Amino acid sequence: MSTVEELIISSKTAQKQFEFASQEQADMAARAICKIVYDNAEMLGKMAAEESRMGSVTDKIAKCRNKSALIWQSLKGKKTVGIIRRIEERRMLEIAKPMGVVAAIIPSTNPVVTPMGNAASALKTRNSIIFAPHPRAVKCTKLLVEMFQAELEKIGLPKELVLGLEQVSIEDSGALMSMADVVVATGGPGMVKAAYSSGKPSLGVGQGNVQCIVDRDVNLGEAAEKILAGRSFDNGLICLGEQTAFAPKEKFDEFVEEMKNHGGYYVDDPEEVAKVREGLFPEGGPISREVVGLTAAQAGEKLGLDVPEGTRAIVVKADAIGRADDLCREKLCPVIAVYPYETFEEGVAMMVVNLEYEGKGHSIAIHSNTPEHVEYAAIECSVSRVIVNQPAGTTGGGSPTNGFTPTTTLGCGSWGNNSFSDNFNYEHLMNITRVGYPYEESYLPNPELVWES
């Protein structure tokens, strides 16, 4: 069994051999990583659901297949070797360089697609990578490492470009982060904090709690369908899944009926609402592990509700906003809170309150045909992504329906205590050398003109 130090040495050695690889070799490596997941989506998706004991087999298979294709498509044709940009007007060149050994912390919620995306970006930029698996995804990670290594050997590259910790412990994960050159941490707040405390450059993610607002000018049935699609995907495990939906007061009952028509189970009886709240967040503490990643029917049983099989999500009427009601927090199962608003501005203000409680910096979803309302919400909410007229849970991480970069690692900016507010991609794993030539004629600003407005 290799120690962390031995893994780091092997990884650094392989990376040094790969450091001056051609663009073609880097592309072949990244493609191989994505293609092997695409080709084995059914086996890997099933294994991820079974080992983690969370989520939907069908959705995990779809995620393996779709994300692998989307991520490779986003990497194709991008320059990551040698001179990647010439800025003629500034007489400058930009040259891409690798960072070295990437430590990737893998979450239990995404034990296949996250390592795939991290590895593809790392190899595209001529880095090596070492995975630190979650205790609920050790077998999955080990198999992925073996599969990735076999593909690398086929194209004549060192298999040690991809490695994984062979035992799972907080100590080993901490040691890996402190010895690597850069850390990508996708996981809970504790692990992300540890990454930022490692002394190495780190790309960590923030907590999700996606707030959703439905405007007066949209088709409520279409909005309900999209919201439930995002909320129910992978049994509600996705950090981008809609958590609280706000609808106009005069249309609230109609909105609830559409949520029921599209597969929602509505709860508004005060006693049942209290059961949901206490079952999800016992004594106001962290979410109960008993419900995470279950179907709506399974979660309902745990919560003391008779929810029919096939229900997409439990739709519960929140009593209050923000810290006044735990139902406004992130719920890692197919449960969504709903709440009426008077004016659109009031609805946005309530989203802000919920985000301040949990999830600031991540994402919001808006269903509206009024650009001014979309822009108002985007300006008012401290988030990194605003997903318009789409299911947030399935599209905010990149989709054929929008321009978001395909990823499973979502930065939340300083709002979420993160170093970036973007969808993680290969550009985050490159160092850039900038070459500056002198201008043909030097200049100083005209002191009489420079301060004029």
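1. Y426 lies in the loop between α15 (392–395) and β15 (430–436), where helices are DSSP runs of H or I of at least four residues and strands are runs of E of at least two, both numbered from the N terminus. The model is a predicted one, in which local features need pLDDT of at least 70 and side-chain atom pairs count only at pLDDT 80 or more, while totals for chains, interfaces and linings use all residues. Residues are numbered from 1 along each chain as its sequence is written, and side-chain values use heavy atoms, with hydrogens and water left out.

2. With a relative accessible area of 9%, Y426 is buried (under 20% relative accessible area, 1.4 Å probe, protein chains only). Leaving aside neighbours within four places in sequence, Y426 is in contact (heavy atoms within 4.5 Å) with L75, K78, K79, T80, S121, K124 and T125. K124 is 302 residues from Y426 in sequence, yet their C-alpha atoms are 6.9 Å apart.

3. K124 also belongs to the contact of α2 with α5, to which α5 contributes M116, A119, A120, L123 and K124, and α2 contributes Q23, A26, D27, A29, A30, I33, C34 and V37.

4. V37 is, with F131, F148 and V162, among the residues with the most contacts inside the largest nonpolar core, which has 49 residues; such a core is a set of buried Ala, Val, Leu, Ile, Met, Phe, Trp, Tyr and Cys residues joined through side-chain atoms within 4.5 Å. A second, separate core of 38 residues includes V273, L305, Y339 and L355.

Key: Buried means under 20% relative accessible area, exposed over 50%, partly exposed in between (1.4 Å probe, protein chains only).
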